[in-house]
Amino acid sequence: MNLVLFGPPGAGKGTQAKILQERRGWPQLSTGEMLRHAIGTGTELGRKTKDLMDRGELVPDEVVIAIIAERVDEPDSAAGAVFDGFPRTIPQARALDSMLGQRGKRIALVIELMVRDDALIQRVEQRIREGNQRADDTPETLRHRLSVYYRNTAPLLDYYREQGKLAGVDGMAPIHEVTAAIGGLVDSCGNGAGAGNEGPNRQRKSVVGTG
Ligand code: AMP
C-alpha cells in the first residue's frame, strides 16, 4: 500500500513511518532524510539545499520530485511505500499522483497526525534539553517551519479530502496509541473499507497560533 503520513514538523511522522516500515515492510520515503543524507555525503544536491533546510524553507519542488521519482522505482517500493514529509505542496502532490498513476499505482490513504503548535514547540524544547536536536531544530526555526507548513502544505488536506483519502489521528496521544490508530486505518483500508473514513477516526484539530 502507498500511504502518506501528513502533519506539521515534529508531529511524529518519521517515528511512525519507521514503525510501519518495520511491521509492514513498506519503506519509509522521507525526502528530509534523503536531503540530509545528500548533505552528509557532500553531494552537489546537498550543497544546494543545505542553506534552505537550515532556514526551514522548502527545497524547490522539482528537486524533491526528482529524488522521489528515482526512489519509487527501487524494487523495495514495489509493494508500497510510506511517504514521510512528501508531498509538501500541491505541485508535489500532483506529481506524485501522476508518477504513481504511470506505474499503475495510487496513494490509498493519507493519515494526518494532528498535533497542536504549542505541543510541537514543547517537543523541540525537550529535544534541546536532551541534546538531541538537528540544525533546523530550534524554536525559532520551528515557528518558521510551521508558518511554511500552514501556507504551503496544509492546503493539501483539502486536496486529499476531496479524493476521499484523508483520515486523521490524534498525534498528541502516546506513541503506541498513535501506532495502533494508524494500524487500524491501514487495516481497514487494506480490507477494502476505503480510505475516506473521516468519521469516528477524525477528531477536531485545535490549532494554537497558525504561524
Ligand atoms: P523533514 O525532515 O521532513 O522535516 O524535512 C527537513 C527539511 O527538508 C524541510 O524543512 C525542507 O527544507 C526540506 N524538505 C524535506 N522534504 C521536502 C519537500 N517535500 N519539499 C520541500 N522541502 C522539503
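Trainee: Where does Pro87 lie?

Mentor: Pro87 lies in the loop between β3 (81–84) and α5 (90–102). Helices (H or I, at least four residues) and strands (E, at least two) are DSSP runs, numbered from the N terminus. Please note that this is a predicted model, in which local features need pLDDT of at least 70 and side-chain atom pairs count only at pLDDT 80 or more, while totals for chains, interfaces and linings use all residues. Residues are numbered from 1 along each chain as its sequence is written, and side-chain values use heavy atoms, with hydrogens and water left out.

Trainee: What kind of peptide bond joins Phe86 and Pro87?

Mentor: The bond is cis, with omega about 0°. In general, most peptide bonds are trans.

Trainee: Why is Thr141 called buried?

Mentor: Buried means under 20% relative accessible area, exposed over 50%, and partly exposed in between (1.4 Å probe, protein chains only). Thr141 has 13% relative accessibility, so Thr141 counts as buried. Its place is in helix α7 (residues 139–153), where the buried residues also include Leu142, Arg145 and Tyr149.

Trainee: What do the buried residues of α7 pack against?

Mentor: They pack against β1 (2–6), α3 (44–55), α6 (117–129) and α8 (156–162).

Trainee: How do you know that the span of α7 is close to the expected one?

Mentor: The expected span of a helix is 1.5 Å times one less than its number of residues. For the 15 residues of α7 the expected value is 21 Å, and the helix reaches 19 Å from its first C-alpha to its last, which is close.

Trainee: Which residues does Thr141 touch, not counting those up to four places away in sequence?

Mentor: Thr141 touches Asp54, Arg55, Gly56 and Asp136; contact means heavy atoms within 4.5 Å.

Trainee: What makes the pair Thr141 and Thr138 a polar contact?

Mentor: A polar contact is a pair of N or O atoms within 3.5 Å; within protein, one must be able to donate a hydrogen and the other to accept it, and residues adjacent in sequence count only if both atoms are side-chain atoms. The side chains of Thr141 and Thr138 are joined by such a contact of 2.7 Å.

Trainee: Why is Asp136 called buried?

Mentor: Asp136 has 8% relative accessibility and therefore counts as buried. Asp136 is placed in the loop between α6 and α7, and its side chain has a polar contact of 3.0 Å with that of Arg134.

Trainee: Why is Arg116 described as partly exposed?

Mentor: The relative accessible area of Arg116 is 30%, so Arg116 is partly exposed. Arg116 lies in the loop between β4 (107–114) and α6, and its side chain makes a polar contact with the side chain of Asp118 (3.0 Å).

Trainee: Which residues come nearest to the ligand?

Mentor: Among the 16 residues around the ligand, Thr31, Arg36, Glu57, Gln92 and Arg145 come nearest; a residue is near a molecule if one of its heavy atoms lies within 4 Å of it. A polar side-chain atom of Thr31 lies 2.7 Å from a nitrogen atom of the ligand, and a polar backbone atom of Glu57 is 2.5 Å from a ligand oxygen atom.

Trainee: From which helix does the largest share of the shell around the ligand come?

Mentor: Helix α2 (residues 31–40) provides that share, with four residues.
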